[in-house]
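Below is a set of questions and answers for a reader new to this structure. Each answer gives a value, sets it against a cut-off where one is needed, and concludes.

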Amino acid sequence: MAQMRNKQVILRDYVSGFPKETDMSIVESTLTLKLPEGSNEVLLKNLYLSCDPFMRMLMTKVESVEGFPSYVPGSVSYALSLLESQSLTGFGVAKVLESGHTDYKKGDLVWGLTKWEEYSLVPSTQMLFKIEHKDVPLSYYTGILGMPGMTAYAGFFELGSPKKGEKVFISAASGAVGQLVGQFAKLTGCYVVGSAGSKEKVDLLKNKLGFDEAFNYKEEPDLDAALKRYFPEGIDIYFENVGGKTLDAVLLNMRVHGRIPVCGMVSQYNLTQPEGVTNLTNLIYKRIRMQGFNVFDFFHLYPKFLEFLLPHIKEGKVVYVEDIAEDLENGPAALVGLFSGHNFGKQVLLVARE
């Protein structure tokens, strides 16, 4: 059987502060694409990989996310084997090359947890979903039909409990999750405002994604005043993606019995000393429900999610913006670009064509 190259992205060392491309290395191994004897694992050819902010937390020794242990730094000089792979772990779309488990067969397309490499050997117990609907771009399963889509759906509908006519604010609104939350809110009949970090992203929110209003937070010296301008009667639902000063200002502008689904706090991930939040007493005065969540708790809703979303995609009622980088070599740049706002929409890495 032919020997194949397997290019991989590994972490050089644990990261402090903002990650850099040089914190990661590209290494190569040579392997035979065959399952070990008696294995019930699944051999995958990775097609698309998802660049997600939570991956930054896995680059530190002490941090971890439920379901993800921290990354293990590898040796640049060591050509890793498939079984010993220390590649970054994340979500992706892949094609099954060989399977030792009856749930998967050769040629199946799947999305779920994989590694940042060209070929991966994953346990059959690892979270993988067969892709049954192939009349949409495969890359969508890294975003709108994958983990970010489920995150937006669960956070907004299950935790946000929206009602028609309510006022919704979304930070990092042009990102993988935020752009969907805004569109879900509009489908529900809500008034929706988003914040983003550039004029181009603000235009995207208003002109393509259907937000009622949007603003560039970098141009607002007083976030409290900005929110009062867009929400004179207050905010019913704040979908939290950034934390820090934005959260502090939002707490002053929430309405009584408001809800804050906490999806992420990307402004804090690279700080050695996280910013404090000073307005938490508003949780008491206004009886606000603020709840963090992990999308892993909601994957049992995936069939219901597809039933809801696929018709909207096909009818053009929900759109999705992707920023696709090509080749595993460009993976480190695409990943660290998330933390400087370099991406325009959902950042995806194309590894190989089907």
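**Salt bridges**

Q: What makes the pair of K317 and E315 a salt bridge?
A: In this predicted model, the closest N and O atoms of K317 and E315 are 3.2 Å apart. The cut-off is a Lys or Arg side-chain nitrogen within 4 Å of a carboxyl oxygen of Asp or Glu, so the pair counts as a salt bridge.

Q: Why is K317 called partly exposed?
A: K317 has a relative accessible area of 49%. Buried means under 20% and exposed means over 50%, so the value for K317 falls in between.

Q: How many salt bridges does the structure hold?
A: The structure holds 18 salt bridges. Side chains of opposite charge can pair when their charged atoms come close.

Q: How do you know that K346 and D52 form a salt bridge?
A: The closest N and O atoms of K346 and D52 are 2.9 Å apart, and the cut-off is 4 Å.

Q: Which parts does the pair of K346 and D52 tie together?
A: K346 belongs to strand β15 (residues 346–350), while D52 is in the loop between β3 (42–50) and α1 (54–57), so the pair ties together parts that are 294 residues apart in sequence.

Q: Are K346 and D52 buried or exposed?
A: K346 has 1% relative accessibility and D52 has 3%. Since buried means under 20%, K346 counts as buried, and D52 counts as buried too.

Q: What makes the pair of E326 and R353 a salt bridge?
A: The side chains of E326 and R353 meet at 3.7 Å, N to O, and the cut-off is 4 Å. This pair links distant parts of the chain: E326 is in strand β14 (residues 322–326) and R353 is in the segment after β15, 27 residues apart.

Q: Why does E326 count as partly exposed and R353 as exposed?
A: E326 has 47% relative accessibility, which lies between 20% and 50%, so E326 is partly exposed. R353 has 57%, which is over 50%, so R353 is exposed.

Q: Why is α2 called roughly perpendicular to α8?
A: Helix α2 (residues 147–159) and helix α8 (residues 302–314) pack at an angle of about 90 degrees, and their axes are 11 Å apart. Angles of 65 to 115 degrees count as roughly perpendicular, so α2 is roughly perpendicular to α8.

Q: Which residues make the contact between α2 and α8?
A: On α2 they are G149, M150, Y153, F157 and E158, and on α8 they are Y302, K304, F305 and F308. By class, the contact has six nonpolar, one polar and two charged residues.

Q: How do you know that the buried residues of α5 are on the same side of the helix?
A: The buried residues of helix α5 (residues 223–230) are L223, A226, L227 and Y230. They cover an arc of only 95 degrees around the axis, which puts them on the same side of α5.

Q: What do the buried residues of α5 pack against?
A: They pack against β8 (167–170), β9, β10 (213–216), β11 (235–239) and α6 (244–253).

**Single residues**

Q: Why is S195 called buried?
A: S195 lies in strand β9 (residues 191–196). The relative accessible area of S195 is 5%, which is under 20%, so S195 is buried. Apart from neighbours within four places in sequence, S195 is in contact with F169, I170, S171, A172, A173 and F215.

Q: What is stated about phi of A172?
A: Phi of A172 is near 50 degrees, a positive value in a residue other than glycine. A172 is found in the loop between β8 and α3 (178–188). With a relative accessible area of 31%, between 20% and 50%, A172 is partly exposed.

Q: Why does P261 count as buried?
A: P261 is placed in strand β12 (residues 254–262). Its relative accessibility is 1%, which is under 20%, so P261 counts as buried. Leaving aside neighbours within four places in sequence, the contacts of P261 include G155, L159, Y238 and F293.

Definitions and conventions: Residues are numbered from 1 along each chain as its sequence is written. This is a predicted model: local features need pLDDT of at least 70, side-chain atom pairs count only at pLDDT 80 or more; totals for chains, interfaces and linings use all residues. Side-chain values use heavy atoms; hydrogens and water are left out. Axes are lines fitted to C-alpha atoms, for helices over the stretch in contact, and angles run from 0 to 180 degrees between N-to-C directions. Helices (H or I, at least four residues) and strands (E, at least two) are DSSP runs, numbered from the N terminus. Angles under 35 degrees count as roughly parallel, over 145 as roughly antiparallel, 65 to 115 as roughly perpendicular and the rest as oblique. Contact means heavy atoms within 4.5 Å. Ala, Val, Leu, Ile, Met, Phe, Trp, Tyr, Cys and Pro count as nonpolar, Asp, Glu, Lys and Arg as charged, and the others, Gly among them, as polar. Buried means under 20% relative accessible area, exposed over 50%, partly exposed in between (1.4 Å probe, protein chains only). The arc is that of the directions from the helix axis to the C-beta atoms.
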